[in-house]
Amino acid sequence: MASKVLHAIFTDDDILLQAVKALREKKYSINEVFCPFPVHGLDKAMGLPGTRLAITSFLYGLVGLAVSTWMMNFIMIEDWPQNIGGKPSFSYLQNMPSFVPIMFEMTVFFAAHLMVITFYLRSKLWPFKKAENPDVRTTDDKFLMEISVNENNVQAIAEVLHENGASEIKLIHNKLIENELIEN
Amino acid sequence: MSHYESPIRRPLVTGDKSYNDVTLDVVRPVEGKANKSWWVVFSIALIAFLWGLGCIVYTVSEGIGTWGLNKTIGWAWDITNFVWWVGIGHAGTLISAVLLLFRQKWRMAINRSAEAMTIFSVIQAGLFPIIHMGRPWLAYWVLPIPNQFGSLWVNFNSPLLWDVFAISTYLSVSLVFWWTGLLPDFAMIRDRAVKPFQKHIYGILSFGWSGRAKDWQRFEEVSLVLAGLATPLVLSVHTIVSFDFATAVIPGWHTTIFPPYFVAGAVFSGFAMVNTLLIIMRKVSNLENYITIQHIELMNIVIMITGSIVGVAYITELFMAWYSGVEYEQYAFLNRATGPYWWAYLLMMTCNVVSPQFMWFPRLRRSIMFSFFISIVVNVGMWFERFVIIVTSLHRDYMPSAWTMFSPTFVEIGIFVGTIGFFFVLFLLYARTFPVIAQAEVKSILKTSGEKYKKIRAEKGDDAKLYLEPEQDPLPNFKEQFNSNSNS
């Protein structure tokens with residue numbers, strides 16, 4: 001794949017957003033932007049599709065609710081029904097009110113943890129994972145945009161970046177992690 | 001790209017801070033060396049912790065008879081301390097979750113430390129029931145696993161078991177919420193680190209965070225959903241803690257007002273503890289520009305409101321005891337206020353209901369010394385609230401022959417002091433190694449709420465440019481570079 005990219009550094013989020021919009025207007029696609037903090041509207045400006053993590057969380061919550069219901073039905077009703085205070089022990093529904101706290105807690109437990117695990121896996125975050133931001137300043141106060149270029153458009157893209165306030169522009173040859181970045 | 005915020009709102013970040021300044025200010029305590037006072041406080045906390053550890057070992061090896069408990073007051077100080085610590089553990093998630101849902105930007109300067117406080121205090125809380133079991137190595141018996149006696153299970157009708165689930169869910173979800181927010185800030189420290197060892201450690205801690213646009217999009221969504229999940233969770237935890245009492249038949253305990261009353265009390269004591277810690281931390285770590293007087297004032301207002309809710313609950317309890325017509329109930333409350341433990345009741349009322357009312361005065365709630373003083377008073381008062389609820393409700397049993405008083409032994413005092421020490425050991429270590437302010441989030445509100453940018457807008461109008469024009473070098477010929485095959 002395209003093994004040459006431009007790295008443009010921006011010093012401010014407003015300048016970055018302008019540049020992203022200018023590039024998108026000219027139909028150039030942006031590989032990646034590395035930011036030190038969440039820039040509002042950047043994902044829309046880059047044309048990133050929305051994330052579906054909230055939906056997964058809802059589904060995980062349903063799983064948690066189902067697991068807790070199954071668990072307590074098995075433990076309290078089927079496997080070892082106990083006579084506690086003379087309350088009926090042969091029907092889940094009639095016993096359900098005192099199971100509500102745990103049904104709630106397990107719903108939250110599943111929804112929260114499984115969503116976060118999904119997030120970590122999708123964004124490739126885990127201990128001992130090597131960081132992939134190309135410039136260490138991007139966690140401080142600089143913004144780095146990466147764009148794949150070919151022989152014919154490299155100068156044109158560089159000009160757009162330059163006009164829109166990129167403070168540094170660099171051509172990166174044969175970037176090794178390039179393919180991995182594009183797949184993402 | 002409008003960063004407009006009404007000029008009537010006071011800035012949340014004072015001083016002319018740029019993005020880079022935020023980085024430098026947050027990283028300074030981590031990169032710098034600890035000063036003498038840190039070591040002094042840390043040593044005291046460590047000694048207290050070790051003393052407490054000794055008392056725990058003594059308790060476990062000798063049995064809980066080493067405490068001052070008796071057959072009437074079987075819960076000793078232990079559950080008082082448990083409820084006190086769990087209550088303190090409520091502010092962190094309240095600040096980071098509830099205030100996130102309400103889009104309160106002032107939470108960003110304090111949420112990291114408040115959540116750290118939450119996690120550390122829930123750890124303290126969790127110790128107490130485990131010690132109270134007498135045989136802590138069998139603590140796993142509270143889990144729903146088949147045991148060696150056959151398939152006898154835990155009892156899911158018991159509020160004590162609900163507590164196990166509520167507190168472990170709360171602790172683990174808070175931890176994950178906190179850590180996810182920490183990733184970009186650990187990454188910032190990692191990328192600044194010069195020593196290989198530190199770079200490696202913060203590299204592990206940051207989970208390889210790179211700050212891609214997609215990561216940030218997911219990060220924000222995850223934070224929002226976690227906030228939505230943590231909000232009912234935080235309310236459920238102290239609700240369930242209150243069920244430990246409310247579902248009992250002891251007069252003074254079995255009241256339906258307990259859940260909201262406990263939750264308000266938890267928020268009250270949690271915010272007081274946040275104030276105690278942050279008033280010290282902003283000074284020691286030079287963070288006065290981020291944790292401003294306004295932050296302290298807003299927390300004081302929360303303390304005032306929740307303190308008043310707690311006051312209403314106390315009075316409602318008294319009224320309902322009389323109105324119920326149940327003589328046991330009436331006696332329980334009469335005895336609480338005028339019996340041998342009247343002094344504890346008076347302390348509770350003064351500290352929790354009267355003292356927050358001073359916060360109606362703007363001069364007082366903007367005074368740092370006074371806020372600090374009140375935060376300590378509230379913490380003391382909330383400890384006595386739990387003492388009053390537990391000990392005075394129990395000490396006059398149904399049979400007068402069982403009536404008794406309670407006094408703690410050095411062992412349980414030692415354990416309580418030890419948990420305070422443990423808490424401060426954890427918090428002081430945190431303050432030296434963690435980014436104590438969610439710097440990425442603060443940067444994202446800097447242009448709307450930072451003093452520097454508010455000034456620019458005030459001078460040059462709301463559409464003023466909030467950045468300096470970048471310095472640019474002339475554009476090289478990239479086409480030529482493209483065809484030469486060497487990295488420039």
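These legends go with close-up views of a predicted model.

**View 1. Chain B as a whole: helices and no strands.** Start with the big picture before zooming in. If you count the secondary structure of chain B, you get 18 helices and zero strands. The C-alpha trace spans about 100 × 55 × 45 Å along its principal axes. How does the radius of gyration of chain B agree with that of a compact globule? A compact globule of 488 residues would come out near 23 Å, and chain B has 26 Å, which agrees.

**View 2. Inside chain B: buried residues and contacts.** Now look at how the chain sits against itself. Of the 488 residues in chain B, 48% are buried. Next, take the contacts in chain B between residues at least 6 apart in sequence: 82% of them join residues at least 24 apart.

**View 3. Helix 3 of chain B packed with helix 8 of chain B.** Helix 3 covers residues 78-88, and its axis lies 10 Å from that of helix 8. The two helices pack at an angle of about 165 degrees. Sorted by class, the contact has four nonpolar residues, two polar ones and no charged ones.

**View 4. Lys27(A), a loop residue with a positive phi.** Here's a bit of background first: most residues other than glycine have a negative phi. Lys27(A) is not a glycine, yet its phi is positive, at about 65 degrees. You'll find Lys27(A) in chain A, in the loop between helix 1 (13-25) and strand 2 (32-34). Is Lys27(A) buried or exposed? Lys27(A) counts as exposed because it has 6 C-beta neighbours inside 10 Å, and 12 or fewer is the cut-off.

**View 5. Phe207(B), a positive phi in a loop of chain B.** Phe207(B) is a residue other than glycine, and its phi is positive, near 55 degrees. Look for Phe207(B) in the loop between helix 7 (196-205) and helix 8 (213-246) of chain B. Is Phe207(B) buried or exposed? Phe207(B) has 22 other C-beta atoms within 10 Å, and 20 or more is what it takes, so this residue is buried.

Conventions: Residues numbered from 1 in each chain as written. Chains lettered and ligands numbered in written order. Predicted model: local features only at pLDDT ≥ 70, side-chain atom pairs only at ≥ 80, totals over all residues. Helix = DSSP H or I, 4+ residues; strand = E, 2+ residues; numbered from the N terminus. Rg over C-alpha atoms; globule rule 2.2 N^0.38 Å. Contact = placed C-beta atoms within 7 Å. Axes fitted to C-alpha atoms, helices over the stretch in contact; angles between N-to-C directions. Nonpolar A, V, L, I, M, F, W, Y, C, P; charged D, E, K, R; others polar.
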